[in-house]
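Hi,

Here is the structure I promised to pass on. Have a look at it first, and then read my notes below.

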Amino acid sequence: MKRLLVTIGATFAVAVAPQAAIAEPPVVSLPWPPTVLPHTPPLAPPTEGVLPLSVRFLGKVACRERVVVGLEDDGTPHSVRALQTLAVNQLGDYVFAVPAPVRSVLPGPGTESPPGRRQNQILWQGFSPGHRVLAAWADLRPAESLGSLPLRVRVTTEVDGARLGPGEKRSGGLRVTLTAENATVATARSFTAEPDPVDLAIVLGRIRSAIRRDVFAEGLNVRLHSSMTPVEARVAAPLKIDGTLTFAPGTVQLRGARGGVVHISGLLDGLRHSRLRVVLRGRATSASAPRLELRVRTGDIADTVTPSQDQRTRLAGTIALELAYARKRQYDMFLASPDQAGPSSTTYVYRTSAAPRPAPSGVGSGGEGDHALGWIVLGLVLVAGMPTAAVIWAHS
Amino acid sequence: MPSLLNRLLMLMVLCCLAAGCGGSKSKSQDKTLLIAVNAPFSRTPYVGLTIADGAGLAAAADVVKTKEGTYRFRIKRYDTGLSARTAVANMRHAVADGAVAIIDEGTGINASWRIAADADRPIGITYQGGVGLVDPVDRPNVFRIAPTDHGTAFRLAEYLIPKRLRIGLVVDDSSYGQEGLKALRQAFASNPGSVAIRLTVPADAPDLAPEVLRARRAGATALLVWAEPTTIAGVIAAARGSGWQVPVYTPATGEDPVVRQQLANHPDWVDGLTFAAGRPTAEVGAGPFLSFERDYEQRFGVQLVGVKTPDGARVVQPPDYAMYSYDFVNVLAAAIERAGGVKDREQLLAAMNQVSVLGANGDQRGFNENNHEGVVDDDVYFARFEGMTYSPVKDDPLSATLAVIDQRR
């Protein structure tokens, strides 16, 4: 009986195979985020090259980051520090390097192992007894980090119509303008076509499932019943913003600003609403520029796909959902996680602070220049001092 | 006068160029670089030979092609006799001999590192784990591939404290013992209740029975002995000789053949001795180490301990410490390749922080700008003796993952 069924099955397969081959619609992948979206974030220093260490850890690593952006009074960023906390939840060895344009790397709070540092890398190596927390504070080179931040901030403080300079204090009519702009917007190559409804439903389900689980969406292939038409799609990571503008106590009179503190919040989806503008007016009494502190996190992705839509619209909505989620994940991982497909979240803190002073040239270099200068000074002292000493000795 | 000055300058330039070469040319025009091994060959031959042979194995195989030419290596031994003064004098000789790097057991490093630093020569410590020996900021030319005392002490504390033992901490007055005392103080600082008594004993004492008795009377239910191998053997002999079956724990000196040799008349006294050391195998399995061990034995022969298992098999000592000097030579070779040669010494030192190699046990070996330790603290495992051979314990997460290395011949 079994043999008979096999024979019938084989005969049927042979009979339908040529027709199926002719009728089979092409299978395509949805636009692949690593190729159609900008490559950063996560940060990837240009000199990184091939990692010298072979990555060894096959388990899941959960990543949490806090990126602190130092701002001038006018909102110009001057420094970036990142705290990356990795939770290794598996027994075994781990060896990996996180690419980053690091100036220095220090152990972060709660770390159970000290981080190493190489040129453009944070190094981790050790053994996880089942659970291990790895945390590092990385001071990043601004030139290679600022361009990948999700938000652009501008603060203008005017008293009687004239801009307040750094550290300056004045009295008069106050006007403060805060502008925060979603900087995650990108244009991606995409397409439109008539998709197979069943495939599209499966793919949509996979994307929604990945969003719920905070992991990378994979297996996004659909059959098409028409030719593809290339289109461009605008993609952005939605940003949730909240924070404060704080004036020195007793220096301003502003409506709704108790104790000189103005609360700010908003959601910038980057497409329909990409800019937040807050204008404050009041009176200044020997007031200086306010201190800004903004906390920025990625927000929820808008899922616009509904069953009532036609298949082309559903495909466009599915691609938009896929790319927006991929873009959001990029900003959830300012420093790359060793597990690129695993869960990750990042909080960006934009904070007014004094710019770090550049080190005087030569200080701390430890190079030959220091010694050379010392020898020159010593030589001059000897040249000038020895004849003088000889004269004094001769007359003593 | 100007011509004299010119000649002096010319002479200095020639001297610098000669020093920069740091080696000799073989017949095939390959240049040979000298690696000095500064170790106590006469006082603790097991340690000295292990270090030199590990380095020699790598040196024989490594060929580095750079823009300056092709480099090979040769090893020269300098015996410290465990004397810091001799170790310092050796370091001077090694630099004068043009050594490209110095592999050091660790004795006298606090004084000798500066001699190498002044000549921009890297030092690789491959035995002692003293806390202050390595510092990437203050001693940028000093590297280490060996378990640190800090890591060993904390792993011992992590392993022993949950056992709710009352530990008698015994150290000897050797520099090794005193460095261990510092590390143990830190490791047990937050759990003083686990420590029944702290004892420092003379390293050359003929009989340690009184000290062991003091520990017993203090209520110790385990002994952690951080000392030279002879002291460890003395403590075990004193305890077992008095009928005290107290568990004994040690750092890596517990696996030194001397301990078993001194207790050879009472093999059962060694049973249960548990030591902490750098793991000889990694998660990838025993393959890399067995391959290294085979090459080592083919070149230098087996290291016979001089004792036998209960069923009469000869016991050999796995070349676990040899893999550290072996790895250091390989890291050095990788750094020379990255630096493009050895003429720019500062560049070579900087390159030491940027390269990794696959170690003899399958681990990644390398240093970085923050850390000059080539063995991470996590890599300390525990092994227990039974029948004169040892195997990793099963009640520690790391050790339980490791394969048993055959020690019978």
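**Notes on the two chains**

Leu82(B) sits in the loop between strand 4 (69-79) and helix 3 of chain B; helices (H or I, at least four residues) and strands (E, at least two) are DSSP runs, numbered from the N terminus. Leu82(B) is not a glycine, yet has a positive phi of about 60°. Most residues other than glycine have a negative phi, and most peptide bonds are trans. With 21 other C-beta atoms within 10 Å, Leu82(B) is buried. Here a residue is buried if 20 or more other C-beta atoms lie within 10 Å of its own, exposed if 12 or fewer, and partly exposed in between, with C-beta atoms placed from the backbone.

Before you go further, a word on conventions. This is a predicted model, in which local features need pLDDT of at least 70 and side-chain atom pairs count only at pLDDT 80 or more, while totals for chains, interfaces and linings use all residues. Residues are numbered from 1 along each chain as its sequence is written, and chains are lettered from A and ligands numbered from 1 in the order in which they are written.

**Chain B as a whole**

Chain B has 13 helices and 18 strands, and 52% of its 409 residues count as buried. Its C-alpha trace spans about 80 × 45 × 35 Å along the principal axes. The radius of gyration of chain B is 22 Å, which agrees with the value near 22 Å for a compact globule of 409 residues; it is taken over C-alpha atoms, and the globule rule is 2.2 Å times the number of residues to the power 0.38. Of the contacts in chain B with a separation of 6 or more, 67% are between residues 24 or more positions apart. Two residues are in contact if their C-beta atoms, placed from the backbone, lie within 7 Å.

How is chain B divided into domains? Domain 1 covers 23-146 + 322-375, and domain 2 covers 162-285 + 301-319 + 379-401; these bounds come from an automatic or database domain assignment. The contact between them takes 13 residues from domain 1 of chain B and 15 residues from domain 2 of chain B. On the domain 1 side, helix 2 (45-61) and helix 12 (322-339) of chain B each supply at least two residues, and helix 2 of chain B gives the most, with three. By class, that side of domain 1 has six nonpolar, six polar and one charged residues. For the classes, Ala, Val, Leu, Ile, Met, Phe, Trp, Tyr, Cys and Pro count as nonpolar, Asp, Glu, Lys and Arg as charged, and the others, Gly among them, as polar. The C-alpha centres of the two domains lie 29 Å apart.

Helix 4 (residues 109-118) of chain B has the buried residues Ile109(B), Ser112(B), Trp113(B), Ile115(B) and Ala116(B). They lie on the same side of helix 4 of chain B because they cover an arc of only 160° around the axis, the arc being that of the directions from the helix axis to the C-beta atoms. These buried residues pack against helix 3 (84-96), strand 5 (101-104), strand 6 (123-125) and strand 7 (142-144) of chain B. Ala111(B) and Asp118(B) are exposed, on the face turned away from the buried side. Just after helix 4 of chain B, Asp120(B) has a positive phi of about 55°.

Strand 17 (residues 380-386) and strand 18 (residues 389-392) of chain B run antiparallel and are joined by four bridges; two strands pair if DSSP finds at least two bridges between them. Phe385(B) stands opposite Tyr390(B) in strand 18 of chain B. The two strands form a hairpin with two residues between them, and Gly387(B) in the turn has a positive phi of about 65°.

**Chain A**

Chain A has five helices and 20 strands, and buried residues make up 33% of its 396 residues. The contact between the chains takes 16 residues from chain B and 20 residues from chain A.

Two cis peptide bonds may interest you: Thr40(A) to Pro41(A), with omega about -15°, and Pro41(A) to Pro42(A), with omega near 0°. Pro41(A) is in the loop between helix 2 (33-36) and strand 2 (61-71) of chain A.

Best wishes
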